[in-house]
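Q: Could you take me through the labels used for this model, and what each one rests on?

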Amino acid sequence: MKLKEKVAIVTGGARGIGEGIARCLAGEGARVALIDIDGAEAESTAASLGGEAMGLGADASEEAEIAEATKRVVDRFGALDILVNNAGGSRGSSMTAIGMPFTRIDQPAWDEQQATNLRTTFAATKAAIPYLERAGEGSIVNISSIAGLMPTAFIPAYAAAKAGVLSLTRSLALELAPRNIRVNAICPGLVWTRIWDMLASIMKMGLERYADMEPRDIFLEQVRRSVPLKREQTSEDIGKLTVFLCSRDAINITGQFISVDGGMTLRMG
């Protein structure tokens, strides 16, 4: 129970990687609040965690909404110790940027990708800092992507936003260190999420060799071809590392990027 009695917010926690992180935090004793643009699903996921958990609907890219949701969490649990900035992905016009080369992305899609994958980290962190300061110490974990570390075709807007998350992580780690708030980032590799489902569907339609394959099988082929350990990464993998970074075991770790990618980034050089 490394996080017993700690209070954690996970943005984008209703499903996927966020849900996996929330389950791991709750499993180590944290009281977890899931803030997601889909409030009903956030409430449903929170109910399934057992113990003390709550789900809230809010757009983490909007300062006023995420500030109000954060206040509600503190009103309910009395404090805030951990923030996990996981909200991201694609929605609305940003979905048209998935699978597109840079030259075909329009400005609305570009801007929406930055809002969904970078501005969410800005707004949620800004809302959380006063409460983390009040607690006397805190941990922020930003979920980026290996796309923010290495050249990535067909998702340049997403990759640019995730690279921005990494830059912001180090800037915040330096600024917040005197206040005893640690800030680190996790870069997931190939995790089966809705973005990968969309990307694999685009590959199925656009590449003849994938025409007869299901999106999930296309994804698994990418795993076999790209991951040195030859296995996909899971939301639980990300959740376990999040627990470590938020625990006393990591008290002297800040400003770091850790890839959970089966060795994919070893090929960057």
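A: Let's start with D36, which at 4% relative accessibility counts as buried; buried means under 20% relative accessible area, exposed over 50% and partly exposed in between, with a 1.4 Å probe and protein chains only. This is a predicted model, where local features need pLDDT of at least 70, side-chain atom pairs count only at pLDDT 80 or more, and totals for chains, interfaces and linings use all residues. Residues are numbered from 1 along each chain as its sequence is written, and side-chain values use heavy atoms, leaving out hydrogens and water.

Q: What is D36 in contact with, leaving aside its neighbours within four places in sequence?
A: D36, found in strand 2 (residues 31-36), is in contact with G12, G13, A14, R15, A42, L56, G57 and A58. Contact here means heavy atoms within 4.5 Å. Helices (H or I, at least four residues) and strands (E, at least two) are DSSP runs, numbered from the N terminus.

Q: Why is the pair of W192 and F219 called tilted?
A: The ring centres of W192 and F219 are 5.2 Å apart and the planes sit at 55 degrees, so the pair is tilted. The rule covers rings of Phe, Tyr and Trp (its six-membered ring): they pair if their centres lie within 6.5 Å, and planes under 30 degrees apart count as stacked, over 60 as edge-to-face and the rest as tilted.

Q: What makes this pair a tie between parts of the chain?
A: W192 lies in the loop between strand 6 (181-188) and helix 6 (194-206), and F219 in helix 7 (residues 215-226), so the pair ties together parts that are 27 residues apart in sequence.

Q: What makes the pair of W196 and F219 edge-to-face?
A: The angle: W196 and F219 have 70 degrees between the planes, at 5.2 Å centre to centre. W196 lies in helix 6 and F219 in helix 7, so this pair ties together parts that are 23 residues apart in sequence. W196 is buried, and so is F219. Ring pairs link W192, W196 and F219 into a cluster.

Q: How do you know that the charged end of R170 sits over the ring of F257?
A: It is 4.4 Å from the ring centre. To sit over a ring, NZ of Lys or CZ of Arg has to be within 6 Å of the ring centre and within 35 degrees of the ring normal.

Q: Why is helix 3 called roughly parallel to helix 4?
A: The axes of helix 3 (residues 63-77) and helix 4 (residues 107-135) come within 8 Å and cross at roughly 30 degrees, and that makes helix 3 roughly parallel to helix 4. Angles under 35 degrees count as roughly parallel, over 145 as roughly antiparallel, 65 to 115 as roughly perpendicular and the rest as oblique. Axes are lines fitted to C-alpha atoms, for helices over the stretch in contact, and angles run from 0 to 180 degrees between N-to-C directions.
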